[in-house]
Amino acid sequence: MTIAQTGVADPHETLHRVFGFPAFRGMQQAVVDRVLAGRHTLAVMPTGAGKSLTYQLPAVTLPGTVVVISPLIALMHDQLRSAEAVGIRAATLTSVDTNRAETVDRLLAGELDLLYVAPERASQPGFRDLIAQVQLALFAIDEAHCVSEWGHDFRPDYRLLRPLLDHFPDTPRLALTATADAHTRADVLTQLGIAQDGLIVAGFDRPNIQYTIHPRQGMTQQIADVVARIPGPGIIYAQTRDGTERLAASLARSGRPVRIYHAGLTPEQRAANQAAFVASEDMVMVATIAFGMGIDKPDVRFVAHAGLPKSIEAYYQETGRAGRDGDPSEAIMFWGAEDFSRARQRLSEVPEERRAGDRARLNALAALVESPGCRRAILLRHFGESPPAECGNCDNCLNPPQRIDASVLAQKLLSAVYRTGQNYGIGHIVNVLTGADDARVRDRGHDRLSVHGIVNAAEAPLLRPLVRTLMAQDVLAETEHKGLAFGPAARPVLKGEAPVLLAIQPKRERRRRGSAAG
Ligand code: ADP
Ligand code: ZN
């Protein structure tokens, strides 16, 4: 008789004997306990926290089969291998499996602890009828954020799961995700019919990672400085394939081994570059975000972003590849106003129903990069935690920026943008405001505007950082021809109803690494 048939095994005993782990990690036990008690649960745990165990262990101890719904066939086969490696009786049921008939036989014979299936198959009546014939232990819904239009990865197939789940009201549900902000999370609970109190959130803090977020100012040099300063292996995320090639070329003189990774390389080149990186102790990988999924390299010492990531979730995920060994590591982002204007332009191209979510995500990102406050606190609050106000290991905690009230300067700037017709770039606007002796200003008659020369020399250097801030806040937008125009949030600022605070980084000698609690 197997443990699965007794149904009374002690989870700790199973953890040791079957999985070979000395103890549960983080919130694993809380999740497993709830699942074993037969209660619906949404577990939000960061990548690497050990989500699989929270349904694999119940698959071993509970009578019946655990049905795992998982969106990526490649991932499913990985999980199948790791489940089989510890002796769990598991199978996948996908279009690429040639042994489907055998899998169905095993299922019907009660010989499967785990069955992996994609949402499009799971939501079909045929599948429902199939599993109606067997004892079900649990529905595990992996990547559960895909059910929410608020999530960054909505998949309509996930919406079709609810009727299936409801058809088996006595079978507990375990939804799993690494990436859910509060809004998405609430939506996942509703969509999958899980009660509020079923939410379990694991710790997202990575105390050994030091966060730094900087505007771009001569980024090639900024990146070169990072590479020169931090000796261990590092990943630099560029936004385009071209960007990776250019950055890699510029780093050739650094004396560090440099490789690139993007979707334009052949699979062989990608595999070779990835393998070289994993084996190296000092390599710099310049990559698009295509790089990193499923890479297990514990000693990555820095992750740099040469541009704005797609969302806070993406940023957390990508920076999370640093310092898995717990040693001090750095996450450094360089962003520019253009990143925001481009992202806001893309918003107009996404389908209506997804726009609100995408806009909220972009605004959250803007708040992160612009904040004079603790970066870690913002990240952790985003994931629903209540962190201390300061972490002592991010740029803003180590070097608190000054905050100045730039409301009046912002009004002057917006007036100049407005009076010149909302199609001139920042250079021209600065010339008008500072009263620079400039032919183009005179030719356009802009020296006769009331805003000509109203910004003094002391304030002039603040104009470009201010434009960056206003663009991030959607007060200013960029036209097709790189001109500045009003964004939706311009009016209240112009009328003095919304104060504008500008964070000014103090001139920094580079500080020594903060006391990382890794
Ligand atoms: P996730 O799906 O949350 O990203 P995985 O389920 O792939 O994470 O687990 C990540 C790694 O952690 C795996 O190598 C797994 O074997 C390991 N792991 C899971 N639980 C434990 C534990 N309690 N103790 C030690 N290692 C664990
Ligand atoms: Zn901090």
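This is a predicted model: local features need pLDDT of at least 70, side-chain atom pairs count only at pLDDT 80 or more; totals for chains, interfaces and linings use all residues.
At what angle do the axes of helix H16 (residues 337-347) and helix H23 (residues 463-472) cross?

**View 1. Crossing of helices H16 and H23.** The axes of H16, spanning residues 337-347, and H23, spanning residues 463-472, cross at roughly 25° and come within 8 Å. Because angles under 35 degrees count as roughly parallel, H16 is roughly parallel to H23. The crossing in which H16 passes H23 is left-handed.

**View 2. Residues at the contact of H16 with H23.** On the H16 side, the contact is formed by Ala 337, Phe 340 and Ser 341. Their counterparts in H23 are Val 467, Arg 468, Met 471 and Ala 472. By residue class, the contact of H16 with H23 comprises five nonpolar residues, one polar residue and one charged residue.

**View 3. The chain that contains the two helices.** A total of 24 helices and 17 strands make up the secondary structure elements of the chain. The chain is as compact as a globular protein of its length, because its radius of gyration of 26 Å is close to the 24 Å that the globule rule gives for 518 residues. The C-alpha trace spans about 90 × 50 × 45 Å along its principal axes.

**View 4. Burial and contacts within the chain.** Buried positions account for 41% of the 518 residues of the chain. Where contacts join residues at least 6 apart in sequence, 73% of them are between residues at least 24 apart.

Technical notes: Residues are numbered from 1 along each chain as its sequence is written. Chains are lettered from A and ligands numbered from 1 in the order in which they are written. Axes are lines fitted to C-alpha atoms, for helices over the stretch in contact, and angles run from 0 to 180 degrees between N-to-C directions. Helices (H or I, at least four residues) and strands (E, at least two) are DSSP runs, numbered from the N terminus. Angles under 35 degrees count as roughly parallel, over 145 as roughly antiparallel, 65 to 115 as roughly perpendicular and the rest as oblique. A crossing is left-handed if the near helix is turned anticlockwise from the far one by less than a right angle, and right-handed if clockwise. Two residues are in contact if their C-beta atoms, placed from the backbone, lie within 7 Å. Ala, Val, Leu, Ile, Met, Phe, Trp, Tyr, Cys and Pro count as nonpolar, Asp, Glu, Lys and Arg as charged, and the others, Gly among them, as polar. The radius of gyration is taken over C-alpha atoms; the globule rule is 2.2 Å times the number of residues to the power 0.38. A residue is buried if 20 or more other C-beta atoms lie within 10 Å of its own, exposed if 12 or fewer, and partly exposed in between; C-beta atoms are placed from the backbone.
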